[in-house]
Amino acid sequence: MSTAQTLVEMYEAMLARFGHQGWWPGDGPLEVCIGAILTQNTNWKNVEKALNNLRGARAVSISALHQMDHETLAGLIRPAGYYNIKAKRLKNFIAHVYESYGEDIEAFLDRSVSTLQQELMPINGIGRETADSIILYAAERPTFVIDRYTCRIMVRHGLACLEDDYEQVKDMFETSLPEELDLWKDYHAQIVAVGKQYCRPKAKCDGCPLESFPHDPAADQFIQ
DNA sequence: GACCAGGCACATC
DNA sequence: GATGTGCATGGT
């Protein structure tokens, strides 16, 4: 079976199990951007608490975040962990948008994938995954998001090797799958659903929707 | 109490 | 270029 066929069949198996995930959770493009930064190496439930604090403080706006001092912002996002560094990262992102587009986040996001990548990546605190998450889920433009779960699952199933870097795994998905925004959005969400339950360091893979696809249990010892 | 989470930047070698 | 480390709360 070709890689393309395998990836499509994997998606169908995950979708049949979990249903459409409706990603990204959040109300509007700015919340998606905020969530993308807050969820770095952090459980989404903790991000939700931080987002609720921001909503309660009426701080989900470019101007509010731009004006807010570090201590106040850090206090609001405290439940998401790494609150000092994430407050700086959020500020960096907001400052960048504000300087070029004022409060118009939609105008900032309404540009090509490559333009957004070139603008987002140099911002301190926005790495490859966070940039791609913002582009896919906030700007709604086709770029595939690779995360730790994606790498684990692709290595487990022999579709990627440990030496592959972010761009190589990303390229495999982007050249194999039809370029459909909703498919790319939900594919990543399905991978996270599988990863959370079946591809954590000590999780058992019994009952995994991908169990019937060829996989190498020995590869799991390298999962990190 | 230990381990992990939808990363990233920076220091060091 | 590769590897190690700090950042931190909250759920399991």
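Modeller: This is a predicted model. Start with isoleucine 34: apart from its neighbours within four places in sequence, it is in contact with Leu51, Leu54, Val60 and Leu90. Isoleucine 34 belongs to the largest nonpolar core, which has 61 residues. Ile34 is among the residues with the most contacts inside that core, and the others are Cys33, Ala50, Leu90, Ile134 and Val194. Helix α12, residues 181-198, gives the most to the core, with 8 residues. The core lies between domain 1 (3-22 + 145-222) and domain 2 (28-138), because both give residues to it. As background, nonpolar side chains in soluble globular proteins tend to be buried together.

Now the DNA. The largest share, 4 residues, comes from α9. By class, this surface near DNA strand B has 8 nonpolar, 11 polar and 7 charged residues.

DNA strand C has its own set of residues around it, including Asn41, Lys45, Arg78, Tyr83 and Ile85. Two or more residues of the surface near DNA strand C come from each of α3 (44-56) and α6 (83-101). Here α6 gives the most, with 3 residues. The surface near DNA strand C divides into 4 nonpolar, 6 polar and 2 charged residues.

Note on methods:
Residues are numbered from 1 along each chain as its sequence is written. Chains are lettered from A and ligands numbered from 1 in the order in which they are written. This is a predicted model: local features need pLDDT of at least 70, side-chain atom pairs count only at pLDDT 80 or more; totals for chains, interfaces and linings use all residues. A residue is near a molecule or strand if its C-beta atom, placed from the backbone, lies within 6 Å of it. Ala, Val, Leu, Ile, Met, Phe, Trp, Tyr, Cys and Pro count as nonpolar, Asp, Glu, Lys and Arg as charged, and the others, Gly among them, as polar. A nonpolar core is a set of buried Ala, Val, Leu, Ile, Met, Phe, Trp, Tyr and Cys residues joined through C-beta atoms within 7 Å. A residue is buried if 20 or more other C-beta atoms lie within 10 Å of its own, exposed if 12 or fewer, and partly exposed in between; C-beta atoms are placed from the backbone. Domain bounds come from an automatic or database domain assignment. Two residues are in contact if their C-beta atoms, placed from the backbone, lie within 7 Å.
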